[in-house]
Amino acid sequence: MLRLFERPQPEPAHLDIAHDGEVYRVALKRSPRSQRFTLRVRTATRDVLLTAPARASLKAAREFAERHSAWIGVRLARLPHLVPFQPSAVAPLRGVDHRIVHRPGARGVVWLEKGEQGPLICVAGERPHVPRRVADFLKREATKDIEAAVTRHARNIGVKPKRIAVRDTVSRWGSCSATGGLSFSWRLILAPPFVLDYLAAHEVAHLVHLNHSPKFWSLLRRACPETNRAEAWLKTHGANLHRYGEGR
């Protein structure tokens with residue numbers, strides 16, 4: 001009789017799928033709008049997402065993932081290698097590759113130099129601090145460029161954001177809240193300047209039209225003539241920006 005009052009076990013947030021000696025962790029998401037199972041490898045988070053219909057059984061979800069385990073393995077293997085911010089690593093800054101150089105005896109924290117074989121990001125201090133110092137430097141540069149671009153576009157359009165935040169977002173490069181707050185990914189500093197400028201214009205335009213209506217796109221293209229070029233760049237190269245740094 002006591003079993004009648006036992007609470008059902010919560011559904012797991014992920015499934016572990018074995019294939020050819022490897023075990024792949026697959027995140028599970030229920031969607032009331034989905035009519036079938038779908039699998040997606042997410043470059044930014046370097047994981048696998050299984051979207052399942054709301055009423056599908058857990059057993060059916062696992063069987064679907066297991067049938068596609070070989071596909072999962074191939075797609076994960078194709079993900080670009082991570083590039084930690086370590087000495088000798090090469091990372092883009094404003095679309096231009098820079099080599100990270102450790103200068104332990106130098107004064108300062110992080111600065112840029114012109115090297116014989118290309119631009120450098122120079123880092124002082126002890127070696128264990130290099131990754132964090134590079135990341136902090138890039139975030140400061142991103143904040144500076146984003147705030148300047150937002151200020152310029154807001155002045156031209158005739159609006160004023162309530163606040164500007166710079167974070168390490170995964171699903172969006174930028175966003176605009178209903179209260180007028182703008183948020184951006186610091187990784188935009190890795191992309192060419194016209195891409196960052198486009199994202200700033202995009203979110204500022206949402207302060208006028210909080211949608212993607214024809215009026216919004218008309219306003220955005222007037223503010224940023226390189227909209228199409230920037231969107232094409234992000235579609236082709238955007239996912240690769242998540243490979244730089246220490247990961248999540």
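At what angle do helix α4 and helix α6 pack, and how far apart are their axes?

Modeller: Please bear in mind that this is a predicted model. Helix α4, residues 193-205, packs against helix α6, residues 227-237, at an angle of about 110°, and their axes are 9 Å apart. Angles of 65 to 115 degrees count as roughly perpendicular, so α4 is described as roughly perpendicular to α6. On the α4 side, the contact is made by Phe-194, Val-195, Tyr-198 and Leu-199. Helix α6 contributes Thr-227, Arg-229, Ala-230, Glu-231, Trp-233 and Leu-234. Sorted by class, the residues of this contact are seven nonpolar, one polar and two charged.

Both helices also take part in covering helix α5, which spans residues 214-223. The buried residues of α5 are Phe-216, Leu-219 and Leu-220. These three lie on the same side of α5, because they cover an arc of only 100° around its axis. As a general point, an α-helix has 3.6 residues a turn, so residues three or four places apart point the same way. What covers the buried residues of α5 includes α4 and α6, together with α3, residues 130-157. The face of α5 turned away from this buried side carries Pro-214, Lys-215 and Arg-222, which are exposed.

Technical notes
Residues numbered from 1 in each chain as written. Predicted model: local features only at pLDDT ≥ 70, side-chain atom pairs only at ≥ 80, totals over all residues. Heavy atoms only, no water. Axes fitted to C-alpha atoms, helices over the stretch in contact; angles between N-to-C directions. Helix = DSSP H or I, 4+ residues; strand = E, 2+ residues; numbered from the N terminus. Parallel < 35°, antiparallel > 145°, perpendicular 65-115°, else oblique. Contact = heavy atoms within 4.5 Å. Nonpolar A, V, L, I, M, F, W, Y, C, P; charged D, E, K, R; others polar. Buried < 20%, exposed > 50% of the residue type's maximum accessible area, 1.4 Å probe, protein only. Arc of directions from axis to C-beta.
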